[in-house]
Amino acid sequence: MTAFLARIPWARWKPRLLECLPGYTRKSLIADIIAGVTVGLVALPLAMAFGIASGVTPQAGIYTAIVGGFIVSALGGSKIQIGGPTGAFVVIVAGIIAKHGLPGLLMVTMMSGVILMVLGFTGLGNAVKFIPRPIIIGFTNGIALLIAATQIKDFFGLHVDKVPSEFFARMETLGKHFQSFDPVTVILGLASFGIILLIPKFFPRVPGSIVALILSTAAVMMLQLPVATIGSSFGGIPAGLPSVGIPMFRPDLILPLLPSALTVAILAAVESLLSAVVADSMIGDRHNSNAELVAQGVANLASPLFGGIPVTGAIARTATNFRSGAKSPISGIVHALTLLAVLLVLAPLAKFVPLATLAAVLFVVAYN
């Protein structure tokens with residue numbers, strides 16, 4: 001057995017973190033801490049927004065960013081990759097929940113984690129590079145359109161009891177109820193949208209989304225604005241560490257959920273490796289695709305244990321990590337710890353976060 005283990009090429013899956021630690025300096029640590037805190041603040045509104053848009057709770061998005069972000073940075077094959085929930089999964093996750101409920105989603109996420117680990121350990125993940133570019137572009141544009149469509153109700157404060165999940169039926173329903181928009185919600189949403197777009201133009205290092213989140217939350221608290229918030233819609237976000245639990249496993253759902261698990265796994269592989277390639281071009285590096293896929297697999301196995309949703313590499317947050325001066329995977333770990341600190345300290349204030357602001361955040365994500 002020892003001889004067999006000795007013949008396994010473990011270097012194929014060696015985390016970049018271990019390669020970066022020799023010669024790691026205090027200057028690099030300071031740069032990584034600054035970058036990690038910055039990305040953590042940027043990720044906060046995104047994580048909540050992706051959780052809500054996916055049909056789960058806002059804290060599920062935060063738990064995913066904490067657990068997934070930590071594991072992807074600790075075990076991954078890219079220097080500055082940031083892992084967490086992304087917009088690409090919003091429609092898929094919402095569809096799985098609508099059909100199989102939350103237990104089905106947790107099973108799909110863990111099954112996709114196993115598939116990703118197999119891709120990484122066998123080297124089959126390299127086949128992802130042969131997916132035609134037009135398919136990726138078309139898929140990405142379709143996801144962007146669907147994300148924007150899911151946020152119209154919250155951005156305009158429409159009074160609709162139930163919005164269909166199918167795109168054209170959704171748009172028809174929203175159109176019929178558009179006259180029910182709430183002026184206060186619209187003003188708050190437009191103000192948030194403007195802040196998110198304008199702040200980076202005047203202060204490039206300041207994340208516009210977190211400024212919009214802080215100002216809109218303060219306005220709701222001090223002015224008692226009658227708008228939908230995380231508190232009114234979800235009862236707020238629980239303070240403290242998330243509870244750990246093994247999801248209910250149903251063998252009879254393995255075959256019905258397998259197509260969804262394959263979809264999530266392939267999408268996670270494509271988006272993660274694309275993000276890693278983008279990161280390589282920024283820092284002049286070359287990522288380890290096998291190690292990256294194994295890390296994504298472990299992250300997707302762990303996320304459901306905390307009530308999280310699928311994890312993948314996040315291109316926008318990875319780019320923010322680079323622009324903030326990241327030097328190593330330590331910045332991604334700091335990003336996860338920053339989110340955890342915010343969760344432990346500021347969770348009671350989350351009940352005042354207006355849904356219109358989170359909708360504005362996702363409108364910008366869809367545009368980008």
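Residues are numbered from 1 along each chain as its sequence is written, and side-chain values use heavy atoms, with hydrogens and water left out. Because the model is predicted, local features need pLDDT of at least 70 and side-chain atom pairs count only at pLDDT 80 or more, while totals for chains, interfaces and linings use all residues.

Me: How much space lies in the largest pocket?
Reply: A pocket here is an open set of points on a 1 Å grid over the protein atoms alone, with protein on both sides within 12 Å along at least five of seven lines, and its lining residues have an atom within 4 Å of a point. A volume is the space filled by probe spheres set on the points, which are joined across faces, edges and corners. For the largest pocket this comes to about 1,700 Å³.

Me: Which helix supplies the largest share of the lining of the largest pocket?
Reply: Helices (H or I, at least four residues) and strands (E, at least two) are DSSP runs numbered from the N terminus. The lining has 48 residues, and I315, A316, R317, V365 and N368 lie nearest the centre of the pocket. Among the helices that each supply at least two of the lining residues are α3 (26–53), α11 (254–283), α13 (315–323) and α15 (355–367). The largest share, 10 residues, comes from α6.

Me: How many charged residues are in the lining of the largest pocket?
Reply: Ala, Val, Leu, Ile, Met, Phe, Trp, Tyr, Cys and Pro count as nonpolar, Asp, Glu, Lys and Arg as charged, and the others, Gly among them, as polar. By these classes the lining has 32 nonpolar and 11 polar residues, and the number of charged residues is 5.

Me: Which residues are closest to the centre of the second largest pocket?
Reply: About 720 Å³ of space lies in the second largest pocket. Of the 26 residues that line this pocket, the closest to its centre are I52, A53, G55, V163 and R170.

Me: Which element gives the most to the lining of the largest cavity?
Reply: A cavity is a set of grid points where a 1.4 Å probe fits but cannot get out, and the count comes to 1 cavity of 30 Å³ or more. This cavity is lined by A49, I52, Q151, D154, L355, L358 and A359. Two or more of the lining residues come from each of α3, α6 and α15, and the element that gives the most, with 3 residues, is α15.

Me: Is S275 buried or exposed?
Reply: S275 lies in helix α11, and its side chain makes a polar contact (a pair of N or O atoms within 3.5 Å, of which, within protein, one must be able to donate a hydrogen and the other to accept it, residues adjacent in sequence counting only if both atoms are side-chain atoms) with the side chain of T318 at 3.2 Å. Buried means under 20% relative accessible area, exposed over 50% and partly exposed in between, for a 1.4 Å probe and protein chains only. Because its relative accessible area is 1%, S275 is buried.

Me: Which elements do the buried residues of α13 pack against?
Reply: The buried residues of α13 are R317, T318, A319, T320 and N321. Where contact means heavy atoms within 4.5 Å, these residues pack against α3, β1 (83–84), α11 and α14 (330–346).

Me: What distance separates the C-alpha atoms of S78 and V277?
Reply: S78 is found in the loop between α4 and β1 and is buried, with a relative accessible area of 3%. Leaving aside neighbours within four places in sequence, S78 is in contact with residues including A276 and A279. S78 and V277 are 199 residues apart along the chain, yet their C-alpha atoms are separated by 8.8 Å.
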